[in-house]
Amino acid sequence: MQQLIRCINCNEVYLKTPFDTLPQYDTSSQPFETIEKDDYRDFLQSHRGHRLEDLSIIEDSFVSEKDYIEPVKATYFRATNGKERFVIKKSRERIDEPLKYEVISGDYSLTCLSVSIQSKDIEKQLAAEFKNKPLSKEKVNAFIKTCQRIAETADLRNLERACEESPNPLEMYYKMDEVSLVTLRRNCRHLFEAKKYSDMEAFIQREKEDGVLLLKAKYGIQFSEIKSSEQKPRPSVIRLEEKRIREKR
Ligand SMILES: [Zn+2]
């Protein structure tokens, strides 16, 4: 449905969508005025005689610092023409602005900033499940401390991503690995007497896959410059709407 087109001459990109030709309504006048628009035609006009190519978007390459539902943000993703790879920045500064796409020089990678546990949720879940025979505050704290210790020493490369979705693309959930779970159970055996221990073991079993025992990793986006003689960075911001308006004046 979507097609990413790059002008080779200008190193500018355009995302062609089925919505390019939808009319806009100017509600400031009564009765409404319909403004015909065709952003793709405008793009073709400004790049007349230039060489254009199709880029395919590389799946799972999208990164952004803001939550998925945040409409005003910058998102980065990779695209390729089969030979070269490009980093595209998709952004808008105001909610009423159209999204703009630009090719940026350099590349990005994700680095893990921290791995933490969901201590508040663990506490709440323990309180709910042991409602009739509450655990002492000391036991709860000791259990949480053990989980924290496991998170601090966990090596993400050995952990499996959980299906649990975070609202933020830079936050990801991981399952504790077998070694971590054995450590946790062993510590519980010391902490709790027999009956409580089997309850705690059942709790771990229930929460390890998609519950409060998932570890939360926070990532940061790191940008790196590519010093390439081929890639000449130049302002390549396409603001078709503004351009069109200017041209009309
Ligand atoms: Zn061009």
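In this predicted model, the largest nonpolar core holds 21 residues, and the members that touch the most others are Cys-147, Ala-151, Tyr-174 and Leu-215. Two or more residues of this core come from each of α2 (119-129), α3 (137-153), β12 (171-175), α4 (178-191), α5 (194-207) and β13 (215-224). Helix α3 supplies the largest share, four residues. A second core is separate and has twelve residues, including Phe-77, Ala-79, Ile-88 and Val-103. In soluble globular proteins, nonpolar side chains tend to be buried together.

Tyr-174 belongs to the largest core. Leaving out residues up to four places away in sequence, Tyr-174 touches Leu-156, Leu-159, Glu-160, Arg-161, Ala-162, Leu-214, Leu-215 and Ala-217.

One of these contacts, Glu-160, is part of strand β11 (residues 160-161). Is Glu-160 buried or exposed? Glu-160 is exposed, because 9 other C-beta atoms lie within 10 Å and the cut-off for exposed is 12 or fewer. Beyond four places in sequence, Glu-160 is in contact with Tyr-174 and Lys-175.

Val-103, in the second core, sits in strand β9 (residues 100-104). Val-103 counts as buried because it has 20 C-beta neighbours inside 10 Å, and the cut-off for buried is 20 or more.

The table lists C-alpha to C-alpha distances for two pairs.

| Pair | Separation in sequence | C-alpha to C-alpha distance |
|---|---|---|
| Val-103 and Tyr-76 | 27 residues | 9.7 Å |
| Glu-160 and Asp-177 | 17 residues | 7.5 Å |

Conventions
Residues numbered from 1 in each chain as written. Predicted model: local features only at pLDDT ≥ 70, side-chain atom pairs only at ≥ 80, totals over all residues. Core = buried A, V, L, I, M, F, W, Y, C linked by C-beta atoms within 7 Å. Contact = placed C-beta atoms within 7 Å.
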